[in-house]
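I opened this model to look around and kept notes as I went. Here they are, in the order I looked things up.

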Amino acid sequence: MTVALMWEARAAEGRGAELLEWARARAAELAPAPLRSELLRAPQERVLVLTWWDAGYDDGLPELPGPEAGLISRPVHRWRFESLGPAAG
């Protein structure tokens, strides 16, 4: 089974680039390493990290921590999904 973890945070005013680099560094430190990971950004200085794992839905997996309070404008959001394969197309 493949499980995808999503981690999303919104940077404090003017700190989007810093949050992006913080997330990049933490994603590189995940051990063991995920099958795949991707870093994304969006308006309002939001940062999203997606990681894919060969694991069961309820397995314990390494996740990105929450950054220091001054770096973010609200609590981190985390979601876990089970992959169902490619969409029809």
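Predicted model: local features only at pLDDT ≥ 70, side-chain atom pairs only at ≥ 80, totals over all residues.

**Entry 1: a loop residue.** I started at A33, which sits in the loop between α1 and β2 (36-42). Helices here are DSSP runs of H or I with at least four residues, strands are runs of E with at least two, and both are numbered from the N terminus. A33 counts as exposed because its relative accessibility is 59%. The classes are buried under 20% relative accessible area, exposed over 50% and partly exposed in between, with a 1.4 Å probe and protein chains only.

**Entry 2: ground rules.** Residues are numbered from 1 along each chain as its sequence is written, and side-chain values use heavy atoms, with hydrogens and water left out.

**Entry 3: the whole chain.** The C-alpha atoms fill a box of roughly 40 × 30 × 20 Å along the principal axes. Of the 89 residues, 34% count as buried. Taking contacts (heavy atoms within 4.5 Å) with a separation of 6 or more, 68% are between residues 24 or more positions apart.

Entry 4: Back in the loop between α1 and β2, I looked at P32. A cis peptide bond joins A31 to P32, with omega at about 0 degrees. Next I went to the loop between β2 and β3, where I found Q44 and E45. Q44 is not a glycine, yet its phi is positive, about 65 degrees. E45, also a residue other than glycine, has a positive phi near 55 degrees. At 29% relative accessibility, E45 counts as partly exposed.

**Entry 5: the core.** Which residues have the most contacts inside the largest nonpolar core? I noted W7, L19, A23 and L64, in a core of 20 residues. Such a core is a set of buried Ala, Val, Leu, Ile, Met, Phe, Trp, Tyr and Cys residues joined through side-chain atoms within 4.5 Å. Two or more residues come from each of β1 (2-10), α1 (16-28) and β3, and α1 gives the largest share, five residues. Beyond four places in sequence, W7 touches a list of residues that includes L19, W22, A23, V49, L64 and P65.

**Entry 6: T51.** T51 lies in strand β3 (residues 46-54) and counts as buried because its relative accessibility is 5%. Its side chain makes a polar contact with the side chain of W53 at 2.8 Å. I also listed contacts of T51 beyond four places in sequence: V3, A4, L5, L30, P34, R36 and S37.

**Entry 7: a cavity.** What is the volume of the largest cavity? I wrote down about 80 Å³. Its lining includes T51 and W53, along with W7, L30 and L64. β1 and β3 each supply at least two lining residues.

Note on methods:
Polar contact = N/O pair within 3.5 Å; in protein donor to acceptor, adjacent residues only side chain to side chain. 1 Å grid on protein atoms, 1.4 Å probe; cavity = no way out; pocket = protein on both sides within 12 Å on 5 of 7 lines; lining within 4 Å. Points joined across faces, edges and corners; volume = space filled by probe spheres on them.
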